Amino acid sequence: HIMPYNFPIVLMAFTVAASLAVGNAVVIKPAPATSLCTLKFMEHFRSLPAGLVSCLTGGAETAQAVLADERVKVVAFTGSVEAGQKVAAACGERLKPCVIEAGGSDPLIVMDSADPDIAAAAAVTAAFHLSGQVCTATERVLVHEAIHDAFVERMVARTKDLRVGPGLSNVEIGPLVSAAARDKVMRLVEQAVAQGAKVACGGSVPPGRNVGFYYQPTVLTGVTPDMAIVRAELFGPVAPVLKVKSFDEAVALANSSRYGLGAAIYTNR
């Protein structure tokens, strides 16, 4: 069971419970960034027979070693598309069954019949929950031109009310997992702005939050389908908004990504 950093316990519990229920022993390989909480959770398995649930920490080399072990018969993976491709390839070489749950770039379509207040509230939650570090987070907001301005106005107002800070305090937006993760988000935003996108709110490290990997919840407008920010797996607190003229255009843009995982639409028709 190769696990991601964003839901290290709950996703592990889903797959490990299923494996144990049908009589398998399991080996858990947590993400390096969340190894400590996984090791702490391993205390709950102490009452089970020795060796039934094991945990091996480490990076990609550890994962490849586990995949190559003949005693491992099936692999469950959750993580990025790129890592998932490597896991699937390694399993394929050994004719070893695997279940791959990879990332996405989920679209949220807002049609002209939708209530902009309701749609904006939903978009804020969908884009910024856990600082956008969710595989099914909204990473592209496709809004009909008839209500585009009203939607953006309401989304920006709600976004500006979000509090940024350590997760154990009373906040809505915590830090990103690493400096590299924040650098990726910052680079994609800067590229989009250089190509003509506008920062409606956010777009920088919040004042007074230089320690840790914080980034303001950000709404971008004037985004076009060719920009890298809508073609990559963003995984950060940024909502790129694209203006569309019709339902057909929205669906075409939603389907234009190489990622496929989740999607949503707001409409009253």
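Buried means under 20% relative accessible area, with exposed over 50% and partly exposed in between (1.4 Å probe, protein chains only). The model is predicted, so local features need pLDDT of at least 70 and side-chain atom pairs pLDDT 80 or more, while totals for chains, interfaces and linings use all residues. Residues are numbered from 1 along each chain as its sequence is written, and side-chain values use heavy atoms, without hydrogens and water.

**View 1. Val152 in helix α6.** Helix α6 spans residues 148-160 and holds Val152. Helices are DSSP runs of H or I, at least four residues, and strands are runs of E, at least two, numbered from the N terminus. Val152 counts as buried because its relative accessibility is 11%. Beyond neighbours within four places in sequence, Val152 contacts Thr221 and Val241 (contact: heavy atoms within 4.5 Å). Cys98 is 54 residues away in sequence, and its C-alpha is 42 Å from that of Val152.

**View 2. Thr221 in strand β8.** Strand β8 covers residues 218-221 and includes Thr221. Thr221 is at 14% relative accessibility, so this residue also counts as buried. Neighbours within four places aside, Thr221 touches Val152, Ala197, Lys198, Ala200 and Val241.

**View 3. Arg182 in helix α7.** Arg182 sits in helix α7, residues 179-194. Arg182 is buried but has no salt bridge (a Lys or Arg side-chain nitrogen within 4 Å of an Asp or Glu carboxyl oxygen). Asp183, the nearest side chain of opposite charge, is 5.0 Å away. Lys and Arg count as positive, Asp and Glu as negative; His and the chain ends are not counted. The Arg182 side chain reaches the backbone oxygen of Tyr214 at 3.1 Å. Outside four places in sequence, contacts of Arg182 include Leu176, Val205 and Arg209.

Terms used:
Polar contact = N/O pair within 3.5 Å; in protein donor to acceptor, adjacent residues only side chain to side chain.
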